[in-house]
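Trainee: I would like to learn how to read a fold from its contacts and strand pairings. Where do we begin?

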Amino acid sequence: MSRIAETPVERFHVKHNAWTGLILPGWQNSSPGHWQSLWEHQWGYLRVEQSDWETPLRGDWQIVLEDCLLNLHAQHVQQQRIEPFQVVLIAHSLGCHLVSTWAHFSAHTHWVKAAWLVAPPDLTRADVPGALRTWRTPVLAPLPFPSQVMFSDNDPFCDEKAALSMAEAWGSSTHCKGGAGHLNADSGLGDWAGAHDAMIEFVNALN
């Protein structure tokens with residue numbers, strides 16, 4: 001007898017072909033009111049928990065993401081799932097640079113169906129905080145999977161020119177949400193349902 005999916009994770013997997021969404025917050029993590037946190041609870045996405053959110057070391061963050069993917073893949077194999085193992089990386093701020101760095105070094109980029117990159121900061125600016133010293137040379141190379149960069153034209157941590165330059169280097173399509181700052185909890189986006197719909201449309205177009 002078939003059973004109607006009841007949990008948010010099950011409903012999501014039934015509707016969206018069973019790819020797993022991974023939430024990649026930026027520096028200092030995403031607060032409970034941040035759209036990433038709301039998506040995590042509404043859609044059953046999985047947050048990649050870093051060991052140090054205050055003084056993030058780029059190499060350490062890469063290792064945590066790699067280990068997370070290896071563990072999820074092992075679970076997928078153990079469960080003998082029929083569909084291929086695929087993830088969508090949902091990154092904000094410094095999390096976008098985590099994606100580009102990890103993708104440059106990992107042998108498992110084929111597990112990534114797509115990346116949704118929101119408000120990447122300009123790490124080449126002179127006012128980058130000292131806590132981000134290991135990130136000051138960003139990896140600006142083509143990503144080996146489809147991606148889209150969403151940015152705001154008044155982001156205090158990245159101007160429009162820099163955002164477009166990063167997107168071009170990564171081979172990402174772009175979308176500008178005007179006047180929304182750093183596209184975080186302070187931007188008043190709530191659960192940002194429109195952006196979630198846009199992400200799902202972007203990912204589904206890849207099928």
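**Reading the sheet and its surroundings**

Mentor: Start with a helix and its cover: the buried residues of H2 are covered by elements that include S1, S2, S3, S4 and helix H6 (193-204). Contact here means heavy atoms within 4.5 Å. Helices (H or I, at least four residues) and strands (E, at least two) are DSSP runs, numbered from the N terminus. This is a predicted model: local features need pLDDT of at least 70, side-chain atom pairs count only at pLDDT 80 or more, and totals for chains, interfaces and linings use all residues. Residues are numbered from 1 along each chain as its sequence is written, and side-chain values use heavy atoms, with hydrogens and water left out.

Trainee: Which residues of helix H2 are buried?

Mentor: Buried means under 20% relative accessible area, exposed over 50%, partly exposed in between (1.4 Å probe, protein chains only). In helix H2 (residues 35-43), the buried residues are Trp35, Gln36, Ser37, Trp39 and Glu40. Just after H2, Gly44 has a positive phi of about 75°.

Trainee: How do I read the sheet?

Mentor: Strands of a sheet pair through backbone hydrogen bonds, either parallel or antiparallel. Two strands pair if DSSP finds at least two bridges between them. Here six strands form an open sheet, ordered S2-S1-S3-S4-S5-S6, with parallel pairing. Strand S2 (46-47) and strand S6 (173-176) are the edges, each pairing on one side only.

Trainee: Which residue stands opposite Leu22?

Mentor: Leu46 in S2. Strand S1 (residues 20-24) and S2 are parallel, with two bridges. S3 and S4 are parallel too, over six bridges. The chain leaves S3, passes through helix H4 (residues 94-105) and reaches S4; this β-α-β crossover is right-handed. That hand is assigned if, with the strands pointing away from the viewer, the path from the first strand over the helix to the second runs clockwise.

Trainee: Why is S4 described as largely enclosed by the rest of the structure?

Mentor: Because seven of the seven residues of strand S4 (residues 112-118) are buried.

Trainee: Is His92 buried or exposed?

Mentor: His92 is buried, at 4% relative accessible area. It belongs to strand S3 (residues 87-92). Leaving out residues up to four places away in sequence, its contacts include His34, Trp35, Val118, His182 and Asn184.

Trainee: Where is Asn184 found?

Mentor: In the loop between S6 and H6. Asn184 counts as buried, at 18% relative accessibility. Beyond four places in sequence, Asn184 touches His34, His92 and Leu189.

Trainee: What does helix H6 contribute?

Mentor: Take Val203, which sits in H6. Val203 is buried, with 1% relative accessible area.

Trainee: How many residues line the largest pocket?

Mentor: The lining has 24 residues, with Trp27, Ser93, Phe157, His182 and Asn184 nearest the centre. A pocket is an open set of points on a 1 Å grid over the protein atoms alone, where a 1.4 Å probe fits, with protein on both sides within 12 Å along at least five of seven lines; lining residues have an atom within 4 Å of a point.
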